[in-house]
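Hi,

Here is the structure I said I would pass on. Have a look at it first, and my notes follow below.

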Amino acid sequence: MSRPSTCIRRSIGVMAILFCLGLSTVDGLAQTKEKVASAELTEMIVQLRSELTETRQRLAVAEQRIARLENSSAEEQGEADASPHTKESYPSAVDQPHQMTADSDYSDGGTFSLLRSQVAEQQQTKVESTSKYRVKLSGFILMNAYSNRGAADHPDLANRAFRDGPGSVGATLRQSIFGAQVIGPTLAGGRSSANISIDLAGGFPQRPYGTTMGILRLRQASGRIDWETTSLMFGQETPIISPLSPTTFATIAEPGFSWAGNLWVWTPQVIGEKRIRTSDSSYFSISGGLAAPTTEDIPSSSQFVGPNAAELSRRPAFELTAGWHGTRYGQPMVVGLGGFSGRQRYSFGRSADAWAGTAYWDLPLFKFLSWSGEAYRGQATGGLGGAVWQSVAYDGDPDAQSTNMKPLNSIGGWSQVKVKVHPKLEFNVAGGQDNVLAYDLRWAPQLTSEYSSLFARNRVGFVNAVYRPKSNLLLSVEYRKLWTWRYTGAGNSADQVNVGAGVSF
């Protein structure tokens, strides 16, 4: 009995040992599996954190790119010469509607396009209108403080020099601009839009403190439809034959060098444009249309206006221009030629043919340096702002039937050099001149014009600095010199120092 009992005890011991070993093995396997699972979970967490960090970095980069795009867009709208298609010193979306561009032109993929649209949606202030279409408000609050030496035609908008005077000091906000733009429906595949802009430079009410109460004035208003290669515009805009203006914030109620070589007068017109792409970044354009016949006539009443000499001709004016547009150093570049034809009919059967040939250019010479300007040669161009705002001359009383009349031939233009020392700081040096040709001034022993003594030449030059600490803030300092010569007598000169501060919205 002792031997079997011993064997049984040994077997039970071995089984106990094996059972303990099995439990130990199972426990070890369980611990191993837990360690493996824990390691896999840790790895997944690390990977998720890495992907989250990468996603955040991509979002940060996307937000930076969006900010740069928005700042760039705002700065382009705040620059006077941001586009070669406007006479505005403040070319906001109100003054020049831009064609809508697909998100794919600015994005790396659908995610960024969606992000960009969502940010734009969040940042846009909603404006309610009676239609379902999007309305955008914009404006430019501008204050100008000035000091004049000598006498100018207008103390705050110095364009011509009169006889020597004591000088003056003052300030104004009547050059501030307000406007709206509507993005309309698609019509026959074209994108429609409209815009209007107004300011307070329409004159002064004849009442106490009237000098600080500018009268509301229409600047520009137009509607347009843009197709891929064709555009149609109708409204009151700058003549297409002279689309540029120098950069100045001293006179934006009348763009720089009006009366001194700049044909800028905003005119009702209907224009069609055809664009022919020459490369991925350039195109050739041909534009033409009809313009309302206008002259420099002054309305005889604030309540009623009769037909002017151009309207009495019973025919519209014709405009045609051709230009090449491209980019260089990331800046717009344009070179073009234009032509204008009209007719004027005066009392007692007297008439004049109005015409002008123009050239314009905006050329980036280096990344920091550009050269722009316009030149024209014409006849009876007072309605466009040429010949120092004069169209014809008389050898006697304009209201006498026996008086002879002659259309004035003129030549003029302006040129500007822009130096951008920093994206926020630029310097501009510019000069312009309008000149009636000498043989017209020697046509008769004694000459008169429609409203005042005849002008022979007007010359203006300025140098300014424009600083934009933020995309919607602007500071400018300008020194301007004017020289004006009448038909007879010595010339006159005047100086102005103008300090401007503006906020756009």
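**What I found**

S372 is buried, with a relative accessible area of 9%; buried here means under 20% relative accessible area, exposed means over 50%, and partly exposed is in between (1.4 Å probe, protein chains only). Before going on: this is a predicted model, where local features need pLDDT of at least 70 and side-chain atom pairs count only at pLDDT 80 or more, while totals for chains, interfaces and linings use all residues. Residues are numbered from 1 along each chain as its sequence is written, and side-chain values use heavy atoms, with hydrogens and water left out.

Back to S372, which sits in strand β12 (residues 369-379). Helices (H or I, at least four residues) and strands (E, at least two) are DSSP runs, numbered from the N terminus. Not counting residues up to four places away in sequence, S372 touches W361, D362, W414, S415 and Q416, where contact means heavy atoms within 4.5 Å. From S372 to V335 there are 37 residues in sequence and 9.5 Å in space, C-alpha to C-alpha.

**The overall picture**

The protein has three helices and 19 strands. Of its 505 residues, 43% count as buried. Among contacts with a separation of 6 or more, 64% are between residues 24 or more positions apart.

Strand β8 (residues 282-291) pairs with strand β9 (residues 317-328) in the antiparallel sense, over nine bridges. Two strands pair if DSSP finds at least two bridges between them. In this pairing, I286 stands opposite A322 of β9. On to strand β10 (residues 331-345): β9 and β10 run antiparallel and are joined by eleven bridges. R328 has Q331 in β10 as its bridge partner. The β9 and β10 hairpin has two residues between the strands, and Y329 takes a positive phi near 55° there.

**Cores**

The largest nonpolar core has 14 residues, of which F257, V460 and L482 touch the most other members. A nonpolar core is a set of buried Ala, Val, Leu, Ile, Met, Phe, Trp, Tyr and Cys residues joined through side-chain atoms within 4.5 Å. Apart from that one lies another core, of 13 residues, including I240, L263, A354 and Y376. As for V460, leaving aside neighbours within four places in sequence, its contacts are N159, F257, A260, A430, G431, G432, R480, K481 and L482.

**Salt bridges**

How many salt bridges does the structure hold? There are 13, a salt bridge being a side-chain nitrogen of Lys or Arg within 4 Å of a carboxyl oxygen of Asp or Glu.

- D495 and R149 form a salt bridge, with the closest N and O atoms 2.4 Å apart. D495 lies in strand β19 (residues 492-504) and R149 in strand β1 (residues 134-149), so this pair ties together parts that are 346 residues apart in sequence. D495 is buried at 8% relative accessible area, whereas R149 counts as exposed at 54%. R149, K481 and D495 are linked in a network of salt bridges.
- K406 pairs with D440, with 3.5 Å between the closest N and O atoms. Since K406 is in strand β14 (residues 405-407) and D440 in helix α3 (residues 438-441), the pair ties together parts 34 residues apart in sequence. K406 counts as partly exposed at 22% relative accessibility, and D440 as buried at 0%.
- R468 and E426 meet through their side chains in a salt bridge (3.6 Å, N to O). The pair links distant parts of the chain, 42 residues apart: R468 is in the loop between β17 (455-467) and β18 (473-486), and E426 is in strand β16 (residues 425-436). R468 counts as buried at 6% relative accessibility, and E426 counts as buried at 1%.

**Surface**

Finally, I141, M143, L173, F178, L473, V503 and F505 make a nonpolar surface patch of about 570 Å². Patches are made of residues with over 30% relative accessible area and no salt bridge, with like charges joined within 9 Å and nonpolar side chains (Val, Leu, Ile, Met, Phe, Trp, Tyr) within 5 Å. F178 is located in strand β3 (residues 177-187) and counts as partly exposed, at 30% relative accessibility.

Cheers

Definitions and conventions: Areas by Shrake-Rupley, 256 points an atom, 1.4 Å probe, with all protein chains shown as cover.
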